[in-house]
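Me: I would like to go through this structure by question and answer. Please show it before we start.

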Amino acid sequence: MLRSAVRDAAPAGGRRRWREGTGKRAGMTGRITVVEGDITEQDVDAIVNAANPSLLGGGGVDGAIHRAAGPELLAECRTLGGAATGEAKVTRGYRLRARYVIHTPGPVWRGGRAGEPELLARSYASCFARAREIGARSVALPAISTGAYRFPIEAATVIAVREARRALDAGGLEEVRFVCFTRRDADVYRRVLAAAPG
Ligand code: AR6
């Protein structure tokens, strides 16, 4: 079983100077990290759930989050009235270590010409907007849409990293943690971060 382990800690944001000794650059408030592991175990302010528009649970990471959070999570989700693809809604984290869960339905991959990249970007941006509203300093995210929804991992990662950098540039966040379920996915994230540092 893959255990949580920080494999990478790449600074995020625009082309700014490194600030000596802090691991951050001048003007930056946060960084991107890549972890292999289970998102339900993350000790962060908020975790993101790759949900479906019902927001009433499912398989994959959604099922894992509901199992770990307990039935109170589903009870709160029932009050939300679902969410459109690209939208994001917040609940409490209940039995999770994270105080909040941000639920977003990403797009189902239909070949790439049905607005999927824009919708995935909207999902990430909506999650970061909600994180900002609730004052989260650290957010952990899975690879939204890349499982049951079949969005290709490389293209999805480019979008995820771009939106994370935008959110970090906007301020308020200290850490955006990408939690990958497999070594293969974590390698893709590391490669994308290394290919376009900053
Ligand atoms: N921690 C981190 N990542 C995980 C975990 C976990 N515990 N479990 C799975 N993943 P998916 P989607 C990874 O299918 O593609 C659900 O039924 C997984 O390896 O969970 O957005 C919903 O209700 C993959 O990399 O989400 C929707 O119906 C990533 O999480 C539908 O699936 C996303 O895979 C959403 O599909």
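Me: How far is an N or O atom in the side chain of D185 from an oxygen atom of the ligand?

Reply: This is a predicted model, in which local features need pLDDT of at least 70, side-chain atom pairs count only at pLDDT 80 or more, and totals for chains, interfaces and linings use all residues. Residues are numbered from 1 along each chain as its sequence is written, and side-chain values use heavy atoms, with hydrogens and water left out. A polar contact here is a pair of N or O atoms within 3.5 Å. For the side chain of D185 and the ligand oxygen, the distance is 3.5 Å.

Me: Which residue places a backbone N or O atom 2.9 Å from a nitrogen atom of the ligand?

Reply: D38 reaches a ligand nitrogen with a polar side-chain atom, at 2.9 Å. The residue that does this with a backbone N or O atom, also at 2.9 Å, is I39.

Me: Which residues come nearest, of those around the ligand?

Reply: A residue counts as near if one of its heavy atoms lies within 4 Å of the molecule. There are 22 residues around the ligand, and the nearest are N52, G59, V61, D62 and G147.

Me: At what angle do α4 and α5 pack?

Reply: Helices are DSSP runs (H or I, at least four residues), numbered from the N terminus. Axes are lines fitted to C-alpha atoms over the stretch in contact, and angles run from 0 to 180 degrees between N-to-C directions. Angles under 35 degrees count as roughly parallel, over 145 as roughly antiparallel, 65 to 115 as roughly perpendicular and the rest as oblique. α4 and α5 (residues 183-195) are therefore oblique, with axes 9 Å apart and an angle of about 55 degrees.

Me: Which residues of α5 make the contact with α4?

Reply: Contact means heavy atoms within 4.5 Å. α4 contributes I153, E154, T157, V158, A160, V161 and R165, and α5 contributes R184, D185, V188, Y189, V192 and L193.

Me: How are α3 and α4 oriented to each other?

Reply: The axes of α3 (residues 116-133) and α4 (residues 153-170) come within 9 Å. They cross at roughly 30 degrees. That makes the orientation of α3 to α4 roughly parallel.

Me: How are α1 and α2 oriented to each other?

Reply: The axes of α1 (residues 60-69) and α2 (residues 71-78) come within 5 Å and cross at roughly 115 degrees. α1 and α2 are therefore roughly perpendicular.

Note on methods
Helices (H or I, at least four residues) and strands (E, at least two) are DSSP runs, numbered from the N terminus. A polar contact is a pair of N or O atoms within 3.5 Å; within protein, one must be able to donate a hydrogen and the other to accept it, and residues adjacent in sequence count only if both atoms are side-chain atoms.
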